[in-house]
Amino acid sequence: MRKEVTKAKRIVIKVGTSTLIYPNGNINLAAIDQLAFVLSDLRNQGKEVVLVSSGAVGVGMHKMNQATRPTTIPEQQAIAAIGQAELMNIYNQRFSVYNQQTAQILVTRDVIDFPQSRVNVINTLEQLLAMGTIPIVNENDTVAVDELEHTTKFGDNDQLSAIVTKLITADLLIVLSDIDGFYSADPSKNPDAKMYQTVSVIDECLMAQAGGAGSTFGTGGMSSKLQAALRIFEANSTMILANGKNPTIIFDLLAGKELGTLFKEEHV
């Protein structure tokens, strides 16, 4: 039983593209509907919720009937622009069924790094939470570039979700992925891989176990999950990595059930 998790009042939930998009590229409407239902119910319980959602490029690819991810930056940003509008349409429609108001916040790295705009982002998020809305945050893929000295990208939404958790001093970050938790090796390749229930120290050995990149439609991977967890440790907060195939798992996680991997730094 994870008692500290049951007390979480302010929660950031990150959903990866793998939760929102089927492997065949179609939109997983059932998962999006479950997500809207669960998060709306958490609001009804009096919890404060921020959703960090990937999926703009994946939804854009679906909308434009593209089977392969674009390779040039202008193409990627155009597809993201199309997909972000469609993704918010779907979210607004599903959340409105449960009478829950949402809001969209698109950010780039420089906005967070620049002190004045950082304060503005925090104030906006705080105001939206005070108004009872569920802010839906994504990277502004249509303008973000990551080159030379002009670093505007977060890298992926794992990092963004950890940064948002830190900005609003949330009690808990739940990262929903396409894997049950953090494993000692890739479970699809190594039958002896074991899943960690709890991770309290992130060292070079653990980073080596994280391996490489993410899915066709997304950008994250296990190493980015660990980088996010390091940010969570810095913020003295807690993170759970769990399988987002069925978003109702959030109810079980918040009930303290030992599902997924809990990341919480030990303070001696």
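This is a predicted model: local features need pLDDT of at least 70, side-chain atom pairs count only at pLDDT 80 or more; totals for chains, interfaces and linings use all residues.

## Aromatic cluster

Phenylalanine 251 is partly exposed, with a relative accessible area of 25%.

Phenylalanine 37 and tyrosine 98 make up a tilted aromatic pair, with 5.6 Å from centre to centre and 55° between the planes. Because phenylalanine 37 lies in helix α3 (residues 29-44) and tyrosine 98 in the loop between α5 (73-97) and β3 (102-107), this pair ties together parts that are 61 residues apart in sequence. Phenylalanine 37 counts as partly exposed at 36% relative accessibility, and tyrosine 98 likewise counts as partly exposed, at 27%.

Phenylalanine 37 also pairs with phenylalanine 251, here in an edge-to-face arrangement with 6.1 Å from centre to centre and 85° between the planes. Since phenylalanine 37 lies in helix α3 and phenylalanine 251 in helix α11 (residues 249-254), the pair ties together parts that are 214 residues apart in sequence.

## Annotated binding site

An unreviewed UniProt entry places the feature "binding site" at Ser54, Asp141 and Asn157. Although these positions are spread over 104 residues of sequence, they cluster in space, the largest C-alpha distance being 10.8 Å.

## Serine 54 and asparagine 157

Serine 54 lies in the loop between β2 (48-53) and α4 (56-63), and at 11% relative accessibility it counts as buried, because the value is under 20%. When its neighbours within four places in sequence are left aside, serine 54 is in contact with Lys14, Val15, Gly16, Thr17, Leu20, Leu87, Asn138 and Asn157.

Asparagine 157 is found in helix α8, which covers residues 157-167, and asparagine 157 is buried as well, with a relative accessible area of 7%. Again leaving aside neighbours within four places in sequence, asparagine 157 is in contact with Lys14, Val52, Ser53, Ser54, Asn138 and Glu139.

Key: Residues are numbered from 1 along each chain as its sequence is written. Side-chain values use heavy atoms; hydrogens and water are left out. UniProt positions are given in the numbering used here, feature names are shortened, and annotations may be inferred rather than shown by experiment. Helices (H or I, at least four residues) and strands (E, at least two) are DSSP runs, numbered from the N terminus. Buried means under 20% relative accessible area, exposed over 50%, partly exposed in between (1.4 Å probe, protein chains only). Contact means heavy atoms within 4.5 Å. Rings of Phe, Tyr and Trp (its six-membered ring) pair if their centres lie within 6.5 Å; planes under 30 degrees apart count as stacked, over 60 as edge-to-face and the rest as tilted.
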